[in-house]
Amino acid sequence: MTADQILRMTDLGVAFSTESGTVDAVHGVALHVAPGETLALVGESGSGKSTVALAAMGLLSGNATVTGSAEVAGHQVIGAGEPELRRLRGSTVSMVFQEPATALDPLTRVGAQIAEVVRNHRQVSAAAAQAEAVALLAKVGIPDPEQRAKAFPFQLSGGQRQRVVIAMAIANSPALLIADEPTTALDVTVQAEILELLRALAVDSGTGVLLVTHNMGVVADFADRVAVMLQGSIVETGSVEDVLLRPQHEYTKRLLAAVPRLDTPETLALRDRDAAPVTAADAPAGRPDAAPVVDLRDVSVTFGRGARAVHALQGIDIAVHAGETVGLVGESGSGKSTAARVALGLVPPTSGTVSLFGQDLRRAPRRDRRALRSGIGVVLQDPVASLDARMSVGECIAEPLAVHRRGMSSSDRRQRVDEVLDAVRLPRALAARAPRELSGGQRQRVSLARALVLDPRLLVADEPTSALDVSVQEAVLEVLTELQADLGFACLFVSHDLAVVQHFAERVVVMRRGAIEEQGTTGTTLLHPTTDYTRRLLAAVPVPDPVLQRQRRTERLATLGAVTS
């Protein structure tokens, strides 16, 4: 261990004992992180990234056998006892997890949770720890920190909860910060703010960062060096410019080729348009000659009454036609998911009309509403939460048939399950397995199969790819595109990934504070936005080119500085 390295792993190996035998998850991993440096660890799901990160924290499960060396600030983690590891965690090394909702105690105020981390490692009074918690909340950019310290996690937005987790992680000035997918569930503007915060912490305090992510734009924006993992081994490492712009390993090249890239007027000017593939951004808008599959007209939704009323939607108009994909984009809290729930008939509008397949949902009899909803398929962000762990894959897919096609025989159901498994490119043998036995990409395809089992005329996809690595995301979107071309269903696609929306949707609706900021063809709206808000959204999207991303970040910060000054 040299003085300029706060993390050094040498020949790290991790094997897990399972019922079916020993699984070699990581082998021969060697890496290091210097003070103030960010090393990005990238690769597909199952490549071993998170296992390496957990090994550095000494958090691997009891069935893990670890070999080799992992030193943090001169302390050997491998083989260390639990008392020593508890002293290291939260003081010398800290971790920011992907989902802040699971990292925070829902029944404890956030200030108390931060103060607890302080007192676990330092001899300070309760009052001093609480004061430091407020100061940390201010440091990570949470407004009105004195009041926010008294809030429970559920009273904060997703971005604020992630800032609280970061405040807890930096409470004792750790030498090493491990960030495991810290921005996956955040919209692009909050993601940019979190990355600026982490960058400032690394520069100001000299904290080294091990960043685990599948977002190559985040890597280009934040990392100094990159290590690429494949099947438990590091296959390529180097500076962020070398790895992202001049990859050497074939796997790295395939990984980068799968990354959806946000087209801008500048990038299109540099591209040979004759060789450029046709994307949804080039497609014509809508199908005005046919009635829309779902039509929201002047829809408003208000939750609560009086002074506490929340206006979630304010007079929005959205129509989706057969065979068309409309992308809903905007920051968290803009009303995207509420609009999707209105289209599903799950949230009644306070005013306005919702037409589904040509019928007014509010005026249709209850029996008719049930039949109308059988024509809708839904794909949610988290397939783990949306699939019943007690059921087999085949039972999960067949459940809508049991609800809406009660006269269907069991053999016909099995045949239909086999058909949709074929359609989403999954082996029929998976029908007998449990959802937990599948990879993330396989589970999401199972969710897609279940959504399509009733041959829906409308598919509502709410962040269906945000938790997937780029190659799995590409495969899921490719399947979805082919199925839409074959079946002709309309698709309402809710996402904060503007690059995915640009290449998948024909039209885009930009939402802000419950209202529509602008909408139009994807190519026109995202390449030539007419509002400052859409321009800010696009400027916050990181691109997987470190040279271009540095330029975009500088321009974005200059624009924000001009706005606030």
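Axes are lines fitted to C-alpha atoms, for helices over the stretch in contact, and angles run from 0 to 180 degrees between N-to-C directions. The structure examined here is a predicted model.

**Exercise 1.** Describe how helix H16 and helix H17 pack, and classify their orientation.

Solution. 
Step 1. Helix H16 spans residues 393-404 and helix H17 residues 410-423; they pack at an angle of about 120°, and their axes lie 10 Å apart.
Step 2. Angles from 65 to 115 degrees count as roughly perpendicular and those over 145 as roughly antiparallel. H16 and H17 are therefore oblique to each other.
Step 3. The crossing in which H16 passes H17 is right-handed.
Step 4. On the H16 side the contact is made by Gly394, Ile397, Ala398, Leu401 and Ala402, and on the H17 side by Arg413, Arg416, Val417, Val420 and Leu421.
Step 5. By class, this contact of H16 with H17 comprises seven nonpolar, one polar and two charged residues.

**Exercise 2.** Characterise the packing of H7 with H4 and with H8.

Solution. 
Step 1. Helix H4 (residues 110-121) packs on helix H7 (residues 158-169) at an angle of about 20°, the axes being 9 Å apart. Angles under 35 degrees count as roughly parallel, which makes H4 roughly parallel to H7.
Step 2. H4 passes H7 in a crossing that is right-handed.
Step 3. Val110, Gln113, Ile114 and Val117 of H4 meet Val164, Ala167 and Met168 of H7. The contact of H4 with H7 holds six nonpolar residues, one polar residue and no charged residues.
Step 4. For H7 and H8, the axes come within 10 Å and cross at roughly 15°. H7 and H8 are therefore roughly parallel to each other, and their crossing is right-handed.
Step 5. Gly159, Gln162, Arg163 and Ile166 of H7 meet Val190, Glu193, Ile194, Leu197, Leu198 and Leu201 of H8. The classes in the contact of H7 with H8 are six nonpolar, two polar and two charged.

**Exercise 3.** How many cavities of 30 Å³ or more does the structure hold, and which residues are closest to the centre of the largest cavity?

Solution. 
Step 1. There are three cavities of 30 Å³ or more, and the largest cavity has a volume of about 400 Å³.
Step 2. The lining of the largest cavity consists of 30 residues, of which Gln191, Asn215, Pro260, Gln473 and Asp497 are the closest to its centre.
Step 3. At least two lining residues come from each of helix H8 (188-205), helix H9 (216-222), helix H19 (470-487) and helix H20 (498-504). H9 supplies the largest share, three residues.
Step 4. By class, the lining of the largest cavity has 14 nonpolar, twelve polar and four charged residues.

**Exercise 4.** Which element gives the most to the lining of the second largest cavity?

Solution. 
Step 1. The volume of the second largest cavity is about 60 Å³.
Step 2. Its lining is formed by Ala192, Glu196, Asp221, Ala539, Ala540, Gln549, Arg552, Arg553 and Arg556.
Step 3. H8 and helix H23 (546-564) are the elements that give two or more residues to this lining. H23 gives the most, with four residues.
Step 4. The lining of the second largest cavity divides by class into three nonpolar, one polar and five charged residues.

Technical notes
Residues are numbered from 1 along each chain as its sequence is written. This is a predicted model: local features need pLDDT of at least 70, side-chain atom pairs count only at pLDDT 80 or more; totals for chains, interfaces and linings use all residues. Side-chain values use heavy atoms; hydrogens and water are left out. On a 1 Å grid over the protein atoms alone, a cavity is a set of points where a 1.4 Å probe fits but cannot get out, and a pocket is an open set with protein on both sides within 12 Å along at least five of seven lines; lining residues have an atom within 4 Å of a point. Grid points are joined across faces, edges and corners, and a volume is the space filled by probe spheres set on the points. Ala, Val, Leu, Ile, Met, Phe, Trp, Tyr, Cys and Pro count as nonpolar, Asp, Glu, Lys and Arg as charged, and the others, Gly among them, as polar. A crossing is left-handed if the near helix is turned anticlockwise from the far one by less than a right angle, and right-handed if clockwise. Contact means heavy atoms within 4.5 Å.
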